[in-house]
Amino acid sequence: MSRSAPALDIDAILDDDNTRIIVCCGSGGVGKTTTAAALGLRAAERGRSAVVLTVDPAKRLAQSMGLTELDNTPRRVTDVNGAGGELHAMMLDMKRTFDEIIEAHADPERAQQILTNPFYQSLSSSFSGTQEYMAMEKLGQLRRSGDWDLIVVDTPPSRSALDFLDAPERLGRFLDGRLIRILTAPAKVGGRSAFKVLNAGFGIVAGMLTKVLGAQVLKDIQMFVSALDAVFGGFRQRADQTYRLLQAPGTAFLVVAAPERDAMREASYFVERLAEERMPLAGVVVNRVHLSRAQGLSAARSSAAAEDLEAKGEHELTAAVLRLHAARMQLAAREQREQEHFTSAHPTVPMAQVPAMPEDVHDLAGLRQIGQLLAS
Amino acid sequence: MGSLRNVGAETARDIDWDGVRLHVVSGKGGTGKTTVAAALALALAAGGRKVLLMEVEGRQGIAQIFDLPPLPYEERKIAVAPGGGDVYALALDPEEALLEYLEMFYGIKRMGKALTKMGVVDFATTIAPGLRDVLVTGKASEAVRRRDKSGDRVYDAIVMDAPPTGRIARFLNVTQEVAGLARVGPVRNHADMVRGVVASPDTAVHFVTLLEEMPVQETLDGIAELRTAKLPVGGIFINMVRPVVLPGPVLDAAYHNRFDHSELMLGLKAAGLADGKADASKVAEALAQEVSEHARRTELEKRERLSLEAAGVPCYDLPLLPDGADLAGLYELAEAIRKQGAA
Ligand SMILES: Nc1ncnc2c1ncn2[C@@H]1O[C@H](COP(=O)(O)OP(=O)(O)OP(=O)(O)O)[C@@H](O)[C@H]1O
Ligand SMILES: Nc1ncnc2c1ncn2[C@@H]1O[C@H](COP(=O)(O)OP(=O)(O)OP(=O)(O)O)[C@@H](O)[C@H]1O
Ligand SMILES: [Mg+2]
Ligand SMILES: [Mg+2]
């Protein structure tokens with residue numbers, strides 16, 4: 001490596017009792033869920049009482065941790081080795097989490113009103129950002145319960161890692177937004193002059209929305225917001241609280257990336273953003289890296305030798321194996337360049353590599369192996 | 001098909017999606033939806049046709065892939081297909097589509113602009129996700145049905161770079177989605193028009209996948225969901241397929257840990273890659289390890305392919321492009337799509 005990043009010491013993080021939350025972020029499909037589960041398992045096997053909050057895990061992985069249904073509560077994972085520690089795992093159910101917030105804060109009648117509201121139903125199951133908000137909410141709940149000394153959080157599949165930080169705020173802003181206030185309670189809006197201006201606009205706006213959406217939708221929104229208002233103070237404020245939790249010193253962000261241009265670029269944005277937000281970055285995990293134990297045999301030499309054998313019409317098998325190796329070395333070199341690119345922009349960010357396994361990671365043995373590789 | 005140009009040259013080919021005018025391309029995030037949609041548009045346009053490539057998520061993915069500056073909300077020609085033929089592109093923006101819609105049905109474009117400034121348009125499309133979708137699919141359906149003054153179809157086909165698998169059934173199931181919004185009126189009529197197109201044989205919903213567990217599972221779930229919603233399932237594009245470089249029996253042996261090192265050692269020596277016995281055996285061992293991993297990967301891919309095939313729809317292979325999906329790569333993929341009869 002021409003530029004090498006400092007090594008990321010995973011075990012030091014896992015063994016430090018001050019580490020209370022580990023957040024695994026990254027762009028879509030890079031291995032966030034796998035990494036989170038592997039870290040949870042490793043932490044438990046090193047003696048910690050850990051819970052891992054997964055979001056949309058692959059079916060077989062979920063089953064291997066004993067998660068057969070989406071019941072939104074942590075379940076104890078059996079077959080955890082080592083003494084003293086234990087692992088619980090759960091899958092996030094965003095709708096249920098949302099429902100539970102409502103149920104916890106409203107009297108039964110009002111809760112019922114909200115839960116059956118069509119606007120609430122579409123918001124809680126399909127608003128982009130709800131999943132992220134609820135992941136943060138759940139994290140907050142787990143933390144407040146005090147039942148675990150380490151919480152490992154996976155983040156929702158999304159194109160951009162930044163969504164995890166931005167989406168909750170978006171939902172909060174939307175629900176607490178000016179427009180929703182104006183539309184739903186024109187009479188309650190602040191000072192007199194503002195009231196006048198807004199009210200003039202209100203007629204037009206409400207008229208247009210009624211036309212396009214139908215009167216019922218507006219009524220649903222109105223009911224939803226007034227019912228919600230009465231039960232607790234602001235979604236935004238709630239999101240802010242969890243946000244602060246993420247800035248606390250006991251939190252460690254791990255950015256997971258694949259050694260590809262797009263994913264490394266996303267990782268770069270995310271690292272910069274964490275710095276801006278003063279959120280504690282532990283390091284970057286580059287997942288599914290291709291390595292070779294025959295490093296000394298370069299792609300060029302390997303191809304040339306294959307060509308030579310092919311020309312002579314000898315050792316077909318060896319020629320094919322050399323081609324395979326050449327392709328792998330080429331891939332490895334490309335991946336290396338992407339990582340160096342990142343490191344030259346962020347020379348102080350610790351990094352760990354996890355090799356690409358030939359098969360999916362879908363059982364505890366696989367997770368254990370990933371954990372070991374992460375730590376080595 | 002009267003409006004198709006070069007009919008003579010094309011009738012000889014047997015194409016799986018003959019008669020389909022709207023190709024919707026979905027798939028798990030990052031599997032290559034945008035890339036495959038673009039290649040499919042090129043393939044469909046080949047030989048003198050006119051195809052519209054649409055993206056719906058406001059991400060300017062088409063511009064990126066064709067190496068163009070950001071596209072405006074306007075249909076414009078962006079590429080020439082092999083053998084002549086034009087690909088037009090449209091980067092759809094739900095806000096613009098809503099304004100257009102307001103103007104069309106209510107004649108209130110100017111006010112629409114004011115509403116945009118206030119954030120009302122964004123608000124409306126946000127509180128009613130169904131509204132956003134019906135505007136987008138409405139635009140596609142309109143393009144499918146559009147005819148010029150002489151009554152000929154303007155486009156031979158529309159290709160849509162669609163939302164990912166998890167959202168595709170809901171996205172296309174517009175009447176269901178806006179049912180809560182509007183029981184009567186223009187939105188409802190619009191939704192019915194869309195349903196008339198997307199649920200008809202004019203449409204095919206394709207999936208892009210990789211030979212990996214999660215994208216395959218999502219593809220199968222997506223297909224089941226579409227079938228339940230009575231929406232037309234198209235084909236499966238298996239993307240980033242790597243060539244098999246080793247003969248079957250070798251892979252088989254390696255998979256079962258019976259790979260023969262001695263032959264490899266002899267070969268390495270013959271190629272001058274090993275100085276002395278110890279070295280040859282070390283290199284051979286390392287390479288054998290790579291062979292074994294490759295064999296396991298190939299086996300997994302074989303399994304995933306079998307479960308895809310069980311879905312009972314045509315599957316097409318698209319090669320992994322060693323230099324990534326650049327412009328030349330798109331044409332290569334388009335060629336592969338045509339060779340396999342998907343276009
Ligand atoms: N090091 C690895 N080697 C081989 N396969 C891996 C590795 N890490 C993860 N995988 C596999 O890659 C797939 C995606 O991993 P995972 O689900 O952890 O990604 P993710 O970032 O959580 O994805 P999403 O954004 O969809 O939530 C899984 O099938 C997993 O088994
Ligand atoms: N056949 C291929 N060979 C090599 N690289 C490819 C191939 N197809 C796609 N890619 C690359 O994979 C990446 C993802 O592709 P693309 O953007 O088309 O996926 P997508 O499904 O549209 O992603 P998103 O869900 O983010 O919209 C891009 O970098 C693209 O260049
Ligand atoms: Mg995941
Ligand atoms: Mg895309």
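Good morning. In chain B, eight strands form an open sheet with mixed pairing, in the order E3-E4-E2-E5-E1-E6-E7-E8. Strands here are DSSP runs of type E with at least two residues, helices are DSSP runs of type H or I with at least four, and both are numbered from the N terminus. Two strands count as paired if DSSP finds at least two bridges between them. This is a predicted model, in which local features need pLDDT of at least 70 and side-chain atom pairs count only at pLDDT 80 or more, while totals for chains, interfaces and linings use all residues. Residues are numbered from 1 along each chain as its sequence is written, and chains are lettered from A and ligands numbered from 1 in the order in which they are written.

Let me stay with the sheet of chain B. E3 and strand E8 (315-319) of chain B are at the edges with a single partner strand each, so one side of each has no neighbour in the sheet. From one strand to the next, the twist averages 25°; angles run from 0 to 180 degrees between N-to-C directions, and axes are lines fitted to C-alpha atoms, for helices over the stretch in contact.

Which strand pairs with strand E1 (residues 22-27) of chain B over four bridges? The partner is strand E5 (residues 157-161) of chain B, in the parallel sense, and Leu22(B) stands opposite Ile158(B) in E5(B). Helix H2 (residues 33-45) of chain B packs on this sheet, touching E1, E2, E3, E4, E5, strand E6 (203-209), strand E7 (233-241) and E8 of chain B. The direction of H2(B) makes about 170° with that of E5(B).

Five of the six residues of E4(B) are buried, where buried denotes 20 or more other C-beta atoms within 10 Å of a residue's own, exposed 12 or fewer, and partly exposed the range in between, with C-beta atoms placed from the backbone. With strand E2 (residues 50-55) of chain B, E4(B) pairs in the parallel sense over six bridges; Met54(B) has Leu90(B) as its bridge partner in E4(B). With strand E3 (residues 76-80) of chain B, E4(B) runs antiparallel, joined by four bridges, and there Lys77(B) is partnered by Tyr88(B). Five residues lie between the strands in the hairpin of E3(B) and E4(B), where Gly83(B) takes a positive phi near 75°.

I turn to the helices of chain B. Helix H12 (residues 248-255) of chain B packs against H14(B) at an angle of about 100°, with the axes 8 Å apart. The two helices are therefore roughly perpendicular to each other, the class given to angles of 65 to 115 degrees, whereas those under 35 count as roughly parallel, those over 145 as roughly antiparallel and the rest as oblique. H12(B) contributes Leu251(B), Ala254(B) and Tyr255(B) to the contact, and the residues from H14(B) include Val291(B), Ala295(B) and Arg296(B). Contact means that the C-beta atoms of two residues, placed from the backbone, lie within 7 Å.

For chain B as a whole, there are 15 helices and eight strands, and 48% of the 343 residues count as buried. The domain assignment gives domain 1 (19-242 + 320-339) and domain 2 (248-296); such bounds come from an automatic or database assignment. The C-alpha centres of these two domains of chain B lie 48 Å apart.

Next, the interface. How many residues of chain B are in contact with chain A? There are 45, and they meet 43 residues of chain A. H14(B) gives the most to this side of chain B, with eleven residues. By class, the side of chain B that touches chain A has 29 nonpolar, nine polar and seven charged residues. Nonpolar here covers Ala, Val, Leu, Ile, Met, Phe, Trp, Tyr, Cys and Pro, charged covers Asp, Glu, Lys and Arg, and the others, Gly among them, are polar.

Finally, chain A. It contains 16 helices and eight strands, and buried residues make up 45% of its 376 residues. Its open sheet of eight strands has mixed pairing and the order E3-E4-E2-E5-E1-E6-E7-E8, with strand E3 (75-76) and strand E8 (351-355) of chain A as the edge strands. Strand E2 (residues 49-54) and strand E4 (residues 86-91) of chain A run parallel, joined by six bridges, and Leu53(A) has Met90(A) as its bridge partner in E4(A). Chain A is divided into domain 1 (10-294 + 332-360) and domain 2 (299-331). Seven residues of domain 1 of chain A are in contact with six residues of domain 2 of chain A. Thank you.
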